[in-house]
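The sequence and structure come first.

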Amino acid sequence: MENKKHIALVTGATGGLGTHICKRLANDGYIVCANYRSKEKADAWAAKMKEDGYDFHLYQADVSDYDSVGEMVKKIEADHGTIDILVNNAGITKDGAFKKMSYDNWAAVIAANLTSVFNCSRHVINPMLDKSYGRIINISSVNGQRAQFGQVNYAAAKAGMHGITKTLAIETASKGITVNTISPGYVATDMVMAVAPEVRNKIIEGIPVGRMGGTEEIAHLVSFLASPQSAFITGANYAINGGQHVF
Ligand code: CAA
């Protein structure tokens, strides 16, 4: 299949990783549907993207809400056709020591980072099965593989993604659909820059490559997995963390 005919949906598009994933997939020739939650942020983002030469199709939905995602997917299908590539990128952090973690901070992170993967994948999977083609790429984290103080909620969600990836991969493998996880390490996004500098700098000291990752480097891996040529890769987890966690 030609890339040009493919429709990609990137959730959490307005974030640091999402922005570069959208740009890379557009550069690759895909029609990119960019999901956002807050209209105010999305308007400013779309204006900036236009300045950079990108005209993405924007779609609002709260990915933690099953029905909201369903409405978004229906609109995309009406506007462009069924989705070929889903990048489950949306995510939040609500870090804090477990002994102080509120139920709300647990539930919000599980809903936005893990239940969202169910919600989005569930709404796109049947059309993918019908046409015997699809790519689902779940953006997890090095902190779903290793321990990070203050991230019980986030680590549980990001580790949970691997379970979805592996099982959904074998359920759909015979139908031309691949399902994979990418586990980025520390990348200079707003989310990472919100960590206190003294904590962050200590973490960076532990990265053998000697720096944080670039958003473009993560987008490059998404592009690789999204390609029609990556048809034999499924159920895999790709670590991309500068050697911070090797196993
Ligand atoms: N290691 C060991 N002990 C720690 C600690 C650490 N990193 N951080 C705090 N503590 C201790 C404190 O000394 C304190 O001890 P006492 O109870 O004995 O006094 C106790 O733990 C509680 O500390 P705080 O009151 O400071 O805890 P807090 O709930 O306010 O939050 C924290 C601590 C802000 C979460 C801090 O641990 C932290 O910043 N951790 C890093 C989180 C992180 O890396 N987040 C990544 C976000 S980006 C991302 O997630 C993207 C990605 O995929 C990589």
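A residue is called buried under 20% relative accessible area, exposed over 50% and partly exposed in between, with a 1.4 Å probe and protein chains only. The model is predicted: local features need pLDDT of at least 70 and side-chain atom pairs count only at pLDDT 80 or more, while totals for chains, interfaces and linings use all residues. Residues are numbered from 1 along each chain as its sequence is written, and side-chain values use heavy atoms, with hydrogens and water left out.

**Aromatic pairs**

Two rings of Phe, Tyr or Trp (its six-membered ring) pair if their centres lie within 6.5 Å; planes under 30 degrees apart are stacked, over 60 edge-to-face, and the rest tilted. The whole structure holds four aromatic pairs. One of them is stacked, because the ring centres of Trp 45 and Phe 56 are 5.6 Å apart and the planes meet at 20°. Trp 45 sits in helix α2 (residues 39-51) and Phe 56 in the loop between α2 and β3 (57-60), eleven residues apart. Helices (H or I, at least four residues) and strands (E, at least two) are DSSP runs, numbered from the N terminus. Phe 56 counts as buried because its relative accessibility is 9%, and Trp 45 is buried at 7%. Together with Tyr 54, Trp 45 and Phe 56 make up one aromatic cluster.

Phe 224 and Tyr 238 form an edge-to-face pair, with 6.3 Å from centre to centre and 65° between the planes. Phe 224 belongs to helix α8 (residues 215-226) and Tyr 238 to strand β7 (residues 237-240), so the pair ties together parts 14 residues apart in sequence. Phe 224 is partly exposed at 39% relative accessibility, and Tyr 238 is also partly exposed, at 26%.

**Ligand site**

Of the 20 residues around the ligand, Ala 97, Lys 99, Lys 100, Ser 141 and Tyr 154 come nearest. The shell divides into nine nonpolar, eight polar and three charged residues. Here Ala, Val, Leu, Ile, Met, Phe, Trp, Tyr, Cys and Pro count as nonpolar, Asp, Glu, Lys and Arg as charged, and the others, Gly among them, as polar. Helices α6 (190-193) and α7 (197-205) each supply at least two residues of this shell.

| Side chain | Distance to a ligand oxygen |
|---|---|
| Lys 99 | 2.6 Å |
| Gln 151 | 3.0 Å |
| Tyr 154 | 2.7 Å |

The protein covers 59% of the 1,000 Å² of accessible area that the ligand has on its own, by the Shrake-Rupley method with a 1.4 Å probe.

Gln 151 also has a protein partner: its side chain and that of Asn 143 are joined by a polar contact of 2.7 Å. Such a contact is a pair of N or O atoms within 3.5 Å; within protein, one must be able to donate a hydrogen and the other to accept it, and residues adjacent in sequence count only if both atoms are side-chain atoms. Asn 143 lies in the loop between β5 (134-139) and α5 (152-172) and is buried, with a relative accessible area of 3%.

**Cysteines**

A disulfide is a pair of cysteine sulfur atoms within 2.5 Å, and the structure has zero disulfides. For Cys 22, the nearest cysteine sulfur is that of Cys 33, 9.4 Å away. Cys 22 is buried at 0% relative accessible area. The sulfur of Cys 120 is 13 Å from the closest cysteine sulfur, in Cys 33, which is too far for a bond. Cys 120 is buried at 1%.

Note on methods. A residue is near a molecule or strand if one of its heavy atoms lies within 4 Å of it.
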